[in-house]
Each structure stands twice: as structure tokens, then as C-alpha cells.
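Please keep the sequence and the coordinates in view while reading.

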Amino acid sequence: MATYDDTLFIIPARGGSKGIPRKNIKLLGGKPLIAYTIDVARQLADDSRIILSTDSEEIAQTARGCALPVEYLRPAELATDQAGSREVMLDAMDWADRQGIRYSRVCLLQPTSPLRTREDVERCLARYTPDLDMVVSTVEASTNPYYNCFETDPATGFLHISKGDGLLVRRQDAPAAWEYSGAVYVINPESLRAMPMGSFRRRVGVEMARDRAIDLDTPLDWAVAETVISMMKKEK
């Protein structure tokens, strides 16, 4: 198994969750949601390179129950709805720096993508080079701005196509459009320290299978994931 001694893996797991209460420790397919991401990270790196960023002692204890040491707790000001991923990562990076952990890239693994695999992460890591700001896992966008994604004209109130002339009759003729899957982000630390992630210009996408790209945000998402996991268990 390849190990990634140049990579800092960060798992963000805030205690508060409105859409799905206590989401990160809620049982999915018989085990806590956060355990899926911990399992994948530990297939790639030593525990010393995996930082669980949480403000919740309950989540920390759940992670310890998965045998992952948790020595770092994020500060209260980064535990609000307004705290962004960038600020959370920067604080975890600062902690890693104080511990003498060396790294040349950061891999953010959100617990809300439990179906990602080690291979999904490795493909993003393999695509990364130091001249990039970020490599991110993607899926084909469910709506295409050249074909079936519309905006409202503020002057008339009428819908118009987001991009292009709107004359395409087949989706296959439209340029491909992508959306982040939310599963894997491989980030240049210098870029992250220098600017917000939305300002990144050197971004590269790595496509992953849509059936592994479920992002848990609502109870419906959770029900879908439960069904998929149940089907996977039956196929084994």
C-alpha cells in the first residue's frame, strides 16, 4: 500500500448539524458516519498525519472509538455556521505546524461523503502537482448551463439560458459541465494561506462515479445512502 508522508489529511466534523441532527456520529449502515472517512484516511496515512477537526467531545470520543487518536479540538469561533472550510483547515494546519508535522499538500475529506473509496482519493493525489492550487473530485453537473440551466432576466422576468444561445437540441452537444462532488479536495498549502478557495484559478477536476458521490445533507440523502450501502452488503 502506498503511503503519503507528504500529505496532511484533515477531516472536518463540526458538532452542530441542522439538516441531520448529530450527523457525524449517527449510525449509517451500522457504524458512525465519521468512521467511513476515518477508515479511508487510515488506508492512506499514518494516524499522525490525520487530523480530526471537531469542536465536539462526543465526536472526538467516537473517533477514538475507531482507534484514531484525537489530540486537537478546534476553537469555539470555528464551530459556528459562519466558519468556513478555509479557516478550519488553516487552524488545523497551524496546529500541525506546531507539532512539527511536515507536509507539502493538504487533503480535505468531508465525512458527508461516506461512499468515497481509497482509490478515489489516490486518483486526486496522483493528479496533484505543486503548480496547482487544488485538485477536486467532480461529477458531471446535473444541469448544464448551455442546455438546461436558466437564469431570470432582472428586467423582464423571463428565463434565458445561462450560457450560449440556447439553440442546442441535444445535451450531448453541449460542452461538459462539472460540479464538485464534495468527496476529495487536495490543496496547495501556500495557495490556501494566500487566498480564499473561491479565488483559486489553477483548479483541476478528477471525475468520480456518481454512485459514490452521495453527499449527505438532508434526511433524503441519508435514506439513499442507507439503501446503497444495504445493496452493497448484499452483493458481497
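A residue is called buried if its relative accessible area is under 20%, exposed if over 50%, and partly exposed in between, with a 1.4 Å probe and protein chains only. Helices (H or I, at least four residues) and strands (E, at least two) are DSSP runs, numbered from the N terminus. The model is predicted: local features need pLDDT of at least 70, side-chain atom pairs count only at pLDDT 80 or more, and totals for chains, interfaces and linings use all residues. Residues are numbered from 1 along each chain as its sequence is written, and side-chain values use heavy atoms, with hydrogens and water left out.

The chain as a whole comes first. Its secondary structure amounts to six helices and ten strands. Because its radius of gyration of 19 Å is close to the 18 Å that the globule rule gives for 236 residues, the chain is as compact as a globular protein of that length. Here the radius is taken over C-alpha atoms, and the rule is 2.2 Å times the number of residues to the power 0.38. The C-alpha trace spans about 55 × 45 × 35 Å along its principal axes. Of the 236 residues, 45% count as buried. With contact meaning heavy atoms within 4.5 Å, residues 24 or more positions apart supply 72% of the chain's contacts with a separation of 6 or more.

Within this fold, helix α1 (residues 33-42) is largely enclosed by the rest of the structure, because eight of its ten residues are buried. These are L33, I34, A35, Y36, T37, I38, V40 and A41.

Burial also marks strand β4 (residues 50-53): I50 and L52 point one way, I51 and S53 the other way, and all are buried. Strand β1 (residues 7-12) pairs with β4 in the parallel sense over four bridges; two strands pair if DSSP finds at least two bridges between them.

The buried residues of α3 are R86, V88, M89, L90, A92, M93, W95 and A96, and their cover includes β1, β4, β5, β9 (178-187) and α5 (189-194). The end C-alpha atoms of α3 are 20 Å apart, which agrees with the 20 Å that its 14 residues should span at 1.5 Å a residue; the expected span is 1.5 Å times one less than the number of residues. After α3 comes G100, whose phi is positive, near 80°.

The loop between α3 (85-98) and β5 (105-108) holds R102. R102 counts as exposed, because its relative accessibility is 70%. Leaving out residues up to four places away in sequence, R102 touches D5 and R49.

N144 lies between β6 (134-140) and β7 (150-152) and counts as buried at 2% relative accessibility. Its side chain reaches the backbone oxygen of P175 at 2.8 Å. Beyond four places in sequence, N144 touches C149, R171, A174, P175, A176 and A177. N188 is located in the loop between β9 and α5. N188 is buried, with a relative accessible area of 7%, and, apart from neighbours within four places in sequence, is in contact with Y128, P130, L132 and D133.

How values were computed. Polar contact = N/O pair within 3.5 Å; in protein donor to acceptor, adjacent residues only side chain to side chain.
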